[in-house]
Amino acid sequence: MARASFITLEGIEGAGKTTCMAQLRLLLKQAGIGFLETREPGGTQLGEDLRQLLLGHKHTGMSDDAELLLMFASRAEHLQQKILPALDNGQWVLCDRFTDATYAYQGGGRGIAYDRIRNLEDWVQQGLKPDLTLLLDLPVDLGLERAGKRSAPDRFESEAGMFFEKVRQTYLDLAAREPDRIKVIDASLTLDEVLAQITSTMNHFLSHHQS
Ligand code: Z5A
């Protein structure tokens with residue numbers, strides 16, 4: 001039997017991750033696959049506490065390095081407490097954001113050198129990477145317009161449009177570098193069309209990764 005797979009979902013603000021996560025959940029259930037659904041930053045008690053510090057407005061002037069290190073502190077705990085034990089037990093893992101978000105937001109958005117991020121990735125993940133990443137891509141204006149219809153903006157959502165242009169471009173660069181792992185979904189289309197792309201990508205993946 002093939003080993004359990006680690007699947008992540010990525011995208012800029014308003015890309016529709018929440019909606020697409022529901023579709024992924026449904027597809028895995030239909031395939032009879034047991035899975036853990038989780039998110040970053042977060043996923044553990046410590047991670048959720050760190051998430052509040054990272055997304056809230058209490059520490060608006062947080063330094064870029066502190067932000068990066070807190071993302072990886074959350075990730076280290078998450079891997080040790082939840083992700084690795086689940087994979088070891090044969091459970092698939094469905095994670096809303098992971099290290100690609102760090103390259104995109106802290107690397108592309110904040111301008112931290114990718115080598116620094118790679119050092120932390122190597123240290124914390126010891127070679128573990130997602131098996132499949134679905135990147136929901138859409139123009140920044142459209143994403144911000146969709147996200148704007150929701151609740152008050154968090155610390156990241158308060159950034160200017162240029163920040164998200166850099167985040168989007170970094171995600172696309174990552175996808176170009178790792179096309180086998182990162183599948184770009186055109187999230188600017190209607191919800192039905194986006195869900196159809198998710199379903200087709202997942203069915204293709206499942207056909208190669210199920211026993
Ligand atoms: N972050 C980081 O900087 N570094 C890291 O390493 C990690 C994270 C791991 C929290 O992420 C923040 O953490 C994030 C990056 C940073 N920045 N922010 N903010 P999050 O994932 O929890 O937060 P989020 O980006 O705001 O995502 P979200 O709330 O889960 O979902 P979403 O992708 O933004 O979209 P949605 O809520 O599913 O959809 C938005 C609206 O659009 C909603 O009304 C939908 O009904 C609508 N929608 C969705 N799809 C469509 C289509 N196709 N057509 C029309 N309307 C649609």
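**Exercise 1.** Within what distance do the axes of helix 3 and helix 4 come, and at roughly what angle do they cross?

*Solution.* The model is predicted, so that local features need pLDDT of at least 70 and side-chain atom pairs count only at pLDDT 80 or more, while totals for chains, interfaces and linings use all residues. Residues are numbered from 1 along each chain as its sequence is written, and side-chain values use heavy atoms, with hydrogens and water left out.

Begin with the axes, which are lines fitted to C-alpha atoms over the stretch in contact, with angles from 0 to 180 degrees between N-to-C directions. Those of helix 3 (residues 64-88) and helix 4 come within 11 Å and cross at roughly 175°. The two helices are therefore roughly antiparallel (angles over 145 degrees).

Next, list the residues in contact (heavy atoms within 4.5 Å): Glu67, Leu68, Met71, Phe72 and Arg75 of helix 3 meet Thr99, Thr102 and Gln106 of helix 4.

**Exercise 2.** Determine which residues of helix 7 are buried and which are exposed.

*Solution.* Apply the cut-offs for relative accessible area, namely under 20% for buried and over 50% for exposed, with partly exposed in between (1.4 Å probe, protein chains only). In helix 7, Phe163, Phe164, Val167, Thr170, Tyr171, Leu174 and Ala175 are buried. These residues lie on the same side of helix 7, because they cover an arc of only 140° around the axis, taken from the directions from the helix axis to the C-beta atoms. On the other side, Met162, Ala176 and Arg177 are exposed.

Finally, identify the packing partners of the buried residues, among them strand 1 (6-11), helix 4 (99-109) and helix 5 (114-125).

Note on methods. Helix = DSSP H or I, 4+ residues; strand = E, 2+ residues; numbered from the N terminus. Parallel < 35°, antiparallel > 145°, perpendicular 65-115°, else oblique.
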